[in-house]
Amino acid sequence: MALINCPECARSVSTAAYACPACGYPIADRRSGGLDSHVAGKAVSGIAAWLVVPWVAKAVVAIVGVIALFWFLGSR
């Protein structure tokens, strides 16, 4: 945590502060402590893929099985 000069009033302000306590000039982005939206999007995509892929694979196997069954029964 370092001290910088406020661009508005030139008083010393911590880099961890959201705004200058003297004049209210915004120092840090309010989202700086949170999770980056790009990282959150990747996490959601990964979890969704982890949950959806097995169901898609099961559906493909079931459809191929039904097609094979009808093809086998039709060729008799």
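**Entry 1: S14**

I looked up S14 and found it buried, with a relative accessible area of 18%. The model is predicted: local features need pLDDT of at least 70, side-chain atom pairs count only at pLDDT 80 or more, and totals for chains, interfaces and linings use all residues. Residues are numbered from 1 along each chain as its sequence is written, and side-chain values use heavy atoms, with hydrogens and water left out.

S14 sits in strand β2, residues 12-14. Next I checked its side chain. A polar atom there lies 3.1 Å from the backbone nitrogen of A16.

**Entry 2: the overall layout**

How many helices and strands are in the protein? I found 1 helix and 2 strands. Helices (H or I, at least four residues) and strands (E, at least two) are DSSP runs, numbered from the N terminus. Along the sequence I read the pattern β-β-α.

I then looked at burial. The protein has 76 residues, and 8% of them count as buried. I noted an accessible surface of about 6400 Å², with 68% belonging to carbon and sulfur atoms. Accessible areas come from the Shrake-Rupley method with a 1.4 Å probe; for residues, only the protein chains shown count as cover.

I also looked up contacts (heavy atoms within 4.5 Å). Of those with a separation of 6 or more, 0% come from residues 24 or more positions apart.

**Entry 3: two loop residues**

Where is A10 found? I located A10 in the loop between β1 (3-5) and β2. A10 is exposed, at 55% relative accessible area. Its phi is positive, about 70 degrees, although A10 is not a glycine. Most residues other than glycine have a negative phi.

Y18 lies in the loop between β2 and α1. I found Y18 partly exposed, with a relative accessible area of 42%. The C-alpha atoms of Y18 and A28 are separated by 4.8 Å. These two residues are 10 apart along the chain.

Is W50 buried or exposed? W50 is exposed, at 66% relative accessible area. I placed W50 in helix α1, residues 37-74.

Methods. Buried means under 20% relative accessible area, exposed over 50%, partly exposed in between (1.4 Å probe, protein chains only). A polar contact is a pair of N or O atoms within 3.5 Å; within protein, one must be able to donate a hydrogen and the other to accept it, and residues adjacent in sequence count only if both atoms are side-chain atoms.
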